[in-house]
Amino acid sequence: MLLTYALATGLTSGALYALIAVGLVMVYKSTGIINMAHGELFMISGFIAYAVHVQLGLPYVSAFIAAVVCGFGLGMLIYRGALKPLMRSSLANVLVAAVAISFILKGLARAIWGGQGDYIPFPPILSPMPIMLGPVMVIPQQIIAVGVSVALMLALALFFKATRIGKWMQATADNVKAARLVGIRVEQVYVLSFGIGGAIAAVASVIMAPITLLYPDIGFNLFLKAFAAAVLGGLNSILGAVLGGVIVGLIEQLAATYLHSKFQEVSSFIVIMFALIFMPNGLLGQRNIRKV
Amino acid sequence: MSRLLGCRSLLGALFICLLFLPFGANPYWLFVGNLILIYIVLALGLNILIGFAGHLAFANAAMFGIGAYAVGLLQVRLSFPYWLALPSGGLIAMLLGTTMAFPALRLSGIYLAMATLGFAQFTQWVFLNWETVTYGAGGFRVPAVDFSPLALPPKIGIYYLSWLIAVSLVAFAWNAMSSRIGRAFVAMRDGEIAAESLGVTLLHYKALAFAMSGVYAGIAGGLFAGLLDYVAPETFDLFQMITHKAMVMVGGIGSITGSVIGATLLVLLLEALRAFKSTQEIAFGTILLVFVVFCPGGLVSICRRYLPHWQEPLHVAQHAAILPDTDSGDVSDSPPPPARAEL
């Protein structure tokens, strides 16, 4: 009973981490940048949805659309406005700039939507009453969360397989020079990957906000967990990110259930350090051969 | 006249001003002056690691915290006197910092940054949750440092101790960076394989870079514990890290004078915005972003352009902030490791 409950919860948070990790990996694959402000895109889109749905009282669908537009636009803006000019100088500068942006966004959210420690509840789509699914008691929102995550990932797979833009992105990720040679506008692909990454984070935020609640510091926490998932999966494999997300979610819940609730927080940091040091290629990532 | 406008005279003038600060200042300004001295040490330690040795690490705030906790806990739990606890705290931070050199042997660029970020968060979690040793979320009080043999009140005593330590650590960094050590760091930063082929043992110099930065942060943490008489976990969070990074970037990456200037200016700004956490975050994020994008060499690069006598040991090239990721180099030309289309 305890185990099934832990598994159900772990799977839900795993789906969340997987969604955020997929955005991270998409950006990393095509641009080589870890978007340190990715978590803040989740956080800001969540607050936008909150503002539209709760503060303005508009229907859920409009909140969803507003959040996705915000995530998409902000993701593109971050790349075009700040990171693009730095791509030529050094990766370290890009990373530091992204951290700086994440702090600006966090500060803005704190200034607009309340101080530190204010957890803002977000109304769920269905009733918050738990239901029995066979022998397991689940909250309807959990089922929606897992379902939407699966649907979104299938849509993403279809996007890569069947659309032109998806193929451009794959080609750019595979070989920038060759992609340029065949006439793909690499810069636009970079911008789009940031935008789509942000949009995925926004979708995740609207579905998950009723479960995670919203607060300005949530972005960074989730970013670290998603990064743990991504690096466990191999950092350049989208399937790996999904797998990594589910594993990190399960590890967290099992550690919290069987060891101590304190260990829930820390398990993702341990996964990051362990994975980076001992298995930097992750579960499904491709070997990174260093050329001299 | 212009000969006088070098960085040595600027450093000298700043430290002499700080030396006489206690005679004219009220307790609050004394506190701010002391913070400036502590942050000078912190920014210097981080700059040695990032600017000279070229390792983008995110663990400086954690090292600062480890120093503060070590010095505080040695006094409270094991009743060490402060004069013994301070060097021991520096030593502990140095040892823990050095262990990070081992992952740094295998990782670089983004991977190292993320591993150290994971370490930093782990450290904060330990401060918060290992209650039997660290007193948990509430923090703990440290006894006021006793300067009675010197007939000084504690706050003045800790101020002059910080001044002495800051001056000697600046001088030490200056000399170390002008010596073989500094040259080896810079060679390592500009190309690990080239440095190795010139006889720079990477293990030794990476360990040395992390050890130096660990000692600087640890000592600063010890002084911070002595200044506040209080240690709490949330002081050493990611925002702390961002302030250190902003000091290094604003002053000038790879420049000792730059760290001193950056620390001085940003402590003043931090104090001016003390009341609002959100404003602090926005201001520091904006400053960091503006400097990274528009002035990656920091204020020092401006000084260097206009003051002909501004000479420093091993400063970075004019257009500055060269921290190549030795694995992938230029981002836009060589993308991340080729990946198969998956999913």
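At what angle do helix α2 (residues 27–52) of chain B and helix α13 (residues 256–272) of chain B pack, and how far apart are their axes? That is what I wanted to know when I opened this predicted model.

**Entry 1: the helix pair**

I looked up the geometry and got an angle of about 135° for α2 and α13 of chain B, with the axes 8 Å apart. I wanted both values because two packed helices are described by the angle between their axes and the distance between the axes. Angles over 145 degrees would count as roughly antiparallel and 65 to 115 as roughly perpendicular, so I put α2(B) and α13(B) down as oblique to each other. I also noted the hand of the crossing of α2(B) and α13(B), which is right-handed.

Next I listed who meets whom. From α2(B) come B:V32, B:L35, B:I36, B:Y39, B:I40, B:A43, B:L44 and B:N47. On the α13(B) side they meet B:I256, B:S259, B:V260, B:G262, B:A263, B:T264, B:V267 and B:E271. I sorted the residues of this contact by type and got 11 nonpolar, 4 polar and 1 charged.

**Entry 2: chain B as a whole**

I stepped back to see where that pair sits. Chain B has 15 helices and 2 strands. Of its 343 residues, 54% are buried. I then checked contacts in chain B between residues at least 6 apart in sequence, and 78% of these join residues at least 24 apart.

**Entry 3: two positive phi values**

B:S79 has a phi near 45°, which is positive although the residue is not a glycine. I found B:S79 in the loop between α3 (60–78) and α4 (82–99) of chain B. Is B:S79 buried or exposed? I counted 9 C-beta neighbours inside 10 Å, so B:S79 goes down as exposed.

In chain A I noted A:L213, another residue other than glycine with a positive phi, here near 65°. A:L213 lies in the loop between α8 (186–212) and α9 (218–233) of chain A. A:L213 has 14 C-beta neighbours inside 10 Å, so I wrote it down as partly exposed.

**Entry 4: confidence in chain A**

The mean for chain A is 84, and 94% of its residues reach 70 or more.

Technical notes: Residues numbered from 1 in each chain as written. Chains lettered and ligands numbered in written order. Predicted model: local features only at pLDDT ≥ 70, side-chain atom pairs only at ≥ 80, totals over all residues. Helix = DSSP H or I, 4+ residues; strand = E, 2+ residues; numbered from the N terminus. Buried ≥ 20, exposed ≤ 12 C-beta atoms within 10 Å, placed from the backbone. Contact = placed C-beta atoms within 7 Å. pLDDT = per-residue confidence, 0-100. Axes fitted to C-alpha atoms, helices over the stretch in contact; angles between N-to-C directions. Parallel < 35°, antiparallel > 145°, perpendicular 65-115°, else oblique. Left-handed = near helix turned anticlockwise from the far one by under 90°. Nonpolar A, V, L, I, M, F, W, Y, C, P; charged D, E, K, R; others polar.
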